[in-house]
Amino acid sequence: MSAAEQSSGRGAAMGSGQTVAVYGAYGHTGRFVVAELRRRGFVPVPSGRDAGRLEALAASEGGPGARVASVGDPASLDRALAGAAAVINCAGPFATTAAPVIEAALRAGIPYVDVAAEIEANADTFAHFAGRARAEGAVIVPAMAFYGGLGDLLTTAAMGDWTEADEVHVAYGLSGWHPTAGTRAAGAVSSRRRDGRRVRYANGRLEYRRDDPPTLAWRFPEPLGVRAVIGEFTMADVVTVPSHLSVSEVRTYMTVEAARELSASDTAAPADGRGRTAETFLVDVVVRSGGDERRAVARGRDIYAVTAPLAVEAVERILTGRTRTTGVASAGAMFDARDFLHALSPDVSLELPS
């Protein structure tokens, strides 16, 4: 076992046969999560509302029988989570699924992790469940994914011993973005909830605007260099970062090419989730306080595939007691950010401040 596996518990026996329910297991990201759970010695229990897709997944993957459950049927969710040590919700739109699955997790007395990138859905989770989860000693970690989770971990690691910062900038350098059907559906729900407005985090709060976002030049670390980005291309980091860090502004940026692919209706969806795509990412986080600046960088491949080690590492740490709080908390608040990030090797390569 490597040093990274010893630190993160990523050896084959680490899951020790514990069962983890995966809601939305047959989706693109869900398949990656199921495979990662199995690789780490957990027993994934696939669940979701589509019986046909669940049966097909069970036939191709083997393992325990799938459990059909609908967010409109609490009893079916209770059956889906029965006997599980934790649940990972991979089923978007999370505006529809998060609250019912969280309620089921609370009834079952097990931790809840999701991979939501929807800003409003994540904000709802904090607003509606923080007090109750804290009172019950429950653990709920929303946005434990490429968007929201990774940026929050990088920001927390970059902050280090700083107790506050003026600005957090998270720039996404994607070589391409082939959105899944779930990504498009979640984006449509968010757009309707905002009445077509865009959102940013400034002056210590979410602000909704109708003007167009600016196009800027961002100097990424090499080999990307200077690239055109959509400024205020707002992602879930505007919820996760300020949920526990004292910052006035959180700005996120997206390379123009990736933003165009997301908005184009004819952009092909990614492959079926059985292997990583060739698309690469570079997440560049810059934190500024007064005249000082700190930077953290992560590189990897396939934004959907890398969500699986993020979510499963979170479950593994929760189940082994390597957490910092209870209640609803983002990745940077729940875990030791630097240690967590290093545990993602070799899926993610890092440049962190010393």
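I searched the whole structure and found one cavity of 30 Å³ or more. The model is predicted, so I kept to its limits: local features need pLDDT of at least 70, side-chain atom pairs count only at pLDDT 80 or more, and totals for chains, interfaces and linings use all residues. Residues are numbered from 1 along each chain as its sequence is written, and side-chain values use heavy atoms, with hydrogens and water left out.

**Cavity**

I took a cavity as a set of points, on a 1 Å grid over the protein atoms alone, where a 1.4 Å probe fits but cannot get out. The largest cavity has a volume of about 100 Å³, the volume being the space filled by probe spheres set on the points. I listed its lining, that is, residues with an atom within 4 Å of a point: Leu 174, Gly 176, Trp 177, His 178, Pro 270, Thr 277, Glu 279, Thr 280, Phe 281, Asp 302, Ile 303 and Tyr 304. By class, this lining has six nonpolar, four polar and two charged residues. Here Ala, Val, Leu, Ile, Met, Phe, Trp, Tyr, Cys and Pro count as nonpolar, Asp, Glu, Lys and Arg as charged, and the others, Gly among them, as polar.

**Helix packing**

Helices (H or I, at least four residues) and strands (E, at least two) are DSSP runs, numbered from the N terminus. I then looked up helix 4 (residues 74-81) and helix 5 (residues 94-108), which pack at an angle of about 55 degrees with their axes 9 Å apart. Axes are lines fitted to C-alpha atoms, for helices over the stretch in contact, and angles run from 0 to 180 degrees between N-to-C directions. Helix 4 is therefore oblique to helix 5; angles under 35 degrees count as roughly parallel, over 145 as roughly antiparallel, 65 to 115 as roughly perpendicular and the rest as oblique. The contact (heavy atoms within 4.5 Å) is made by Pro 74, Leu 77, Asp 78 and Leu 81 of helix 4 and Pro 100, Val 101, Ala 104, Ala 105 and Arg 107 of helix 5. I counted seven nonpolar, no polar and two charged residues in this contact.

**Backbone**

I noted a cis peptide bond from Glu 222 to Pro 223, with omega near 15 degrees. Pro 223 lies in the loop between strand 10 (215-219) and strand 11 (226-230). A cis peptide bond also joins Ser 345 and Pro 346, with omega about 5 degrees. Pro 346 sits in the loop between helix 13 (337-343) and strand 16 (348-351).

Note on methods
On a 1 Å grid over the protein atoms alone, a cavity is a set of points where a 1.4 Å probe fits but cannot get out, and a pocket is an open set with protein on both sides within 12 Å along at least five of seven lines; lining residues have an atom within 4 Å of a point.
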